[in-house]
Amino acid sequence: MIIQLNNISVSYGRFLALDNISMSLNGGAVGLLGPNGAGKTTLIKTLLGFLKPDTGDGQVFGMNIKTQRLDIRQKVGYMPEGDCYIPGMNAVSYVAYAGQLCGMPRKDAIQRAHEVLQYIGMDEERYRDIETYSAGMKQRIKLAQALVHDPNLMFLDEPT
């Protein structure tokens with residue numbers, strides 16, 4: 001089982017974003033569809049341990065979403081909806097830094113950053129500051145930082 005949730009509820013103050021969600025996912029490509037405000041991003045952030053559920057429990061790869069958050073993030077790539085780059089950094093530095101945050105040694109992270117940037121078609125622009133990129137190029141950089149540590153699972157929040 002890749003993902004298992006049991007009666008998860010998450011609220012923001014008095015607003016209930018996820019209400020008693022239970023689900024099991026065994027793998028494959030799965031999409032979350034729903035209108036704005038339906039809780040898609042909240043669900044992803046809860047699975048990654050960025051948000052702690054008010055009630056319920058869950059696992060990703062058998063790891064507890066409340067207590068093993070960092071372990072989960074080492075196995076999962078996350079491409080957030082909003083821009084997440086660090087001003088003043090070029091693509092190689094940023095993607096390598098993301099790899100280091102996932103536990104990769106610095107040298108390996110830099111090498112892997114070059115590989116991933118070439119894979120996504122950004123090898124010619126890898127030394128430019130990210131804030132000079134177009135919106136589409138920034139999307140590709142977010143994808144690169146999600147792929148750099150060769151995750152077992154990817155969460156893509158509004159990837160297009």
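Mentor: Helices here are DSSP runs of H or I with at least four residues, strands are DSSP runs of E with at least two, and both are numbered from the N terminus. The model is predicted, so local features need pLDDT of at least 70 and side-chain atom pairs pLDDT 80 or more, while totals for chains, interfaces and linings use all residues. Residues are numbered from 1 along each chain as its sequence is written, and side-chain values use heavy atoms, leaving out hydrogens and water.

Trainee: What makes up the protein in terms of helices and strands?

Mentor: The protein has five helices and six strands. Along the sequence they follow the pattern β-β-α-β-β-α-β-α-α-α-β.

Trainee: Why is the protein called as compact as a globular protein of its length?

Mentor: The radius of gyration, taken over C-alpha atoms, is set against the globule rule of 2.2 Å times the number of residues to the power 0.38. The protein has a value of 17 Å, close to the 15 Å that the rule gives for 160 residues, and it is therefore as compact as a globular protein of that length.

Trainee: Why is α1 described as largely enclosed by the rest of the structure?

Mentor: A residue is buried under 20% relative accessible area, exposed over 50% and partly exposed in between, with a 1.4 Å probe and protein chains only. Six of the eight residues of α1 are buried, so the helix is largely enclosed. Among the buried residues of α1 are Leu43, Ile44 and Leu47. Their cover includes β1 (3–12), β2 (15–25), α2 (69–75) and β6 (153–156).

Trainee: How many aromatic pairs does the structure hold, and why is the pair of Phe50 and Tyr78 called tilted?

Mentor: The structure holds one aromatic pair. The ring centres of Phe50 and Tyr78 are 5.9 Å apart and their planes stand at 50°. Rings of Phe, Tyr and Trp (its six-membered ring) pair if their centres lie within 6.5 Å; planes under 30 degrees apart are stacked, over 60 edge-to-face and the rest tilted. The pair is therefore tilted. It links distant parts of the chain, 28 residues apart: Phe50 lies in the loop between α1 (40–47) and β3 (55–60), and Tyr78 in strand β5 (residues 76–79).

Trainee: How do you know whether Tyr78 is buried or exposed, and what does Phe50 count as?

Mentor: Tyr78 has a relative accessible area of 15%, and is therefore buried. Phe50 has 41% relative accessibility, so this residue counts as partly exposed.

Key
Contact means heavy atoms within 4.5 Å.
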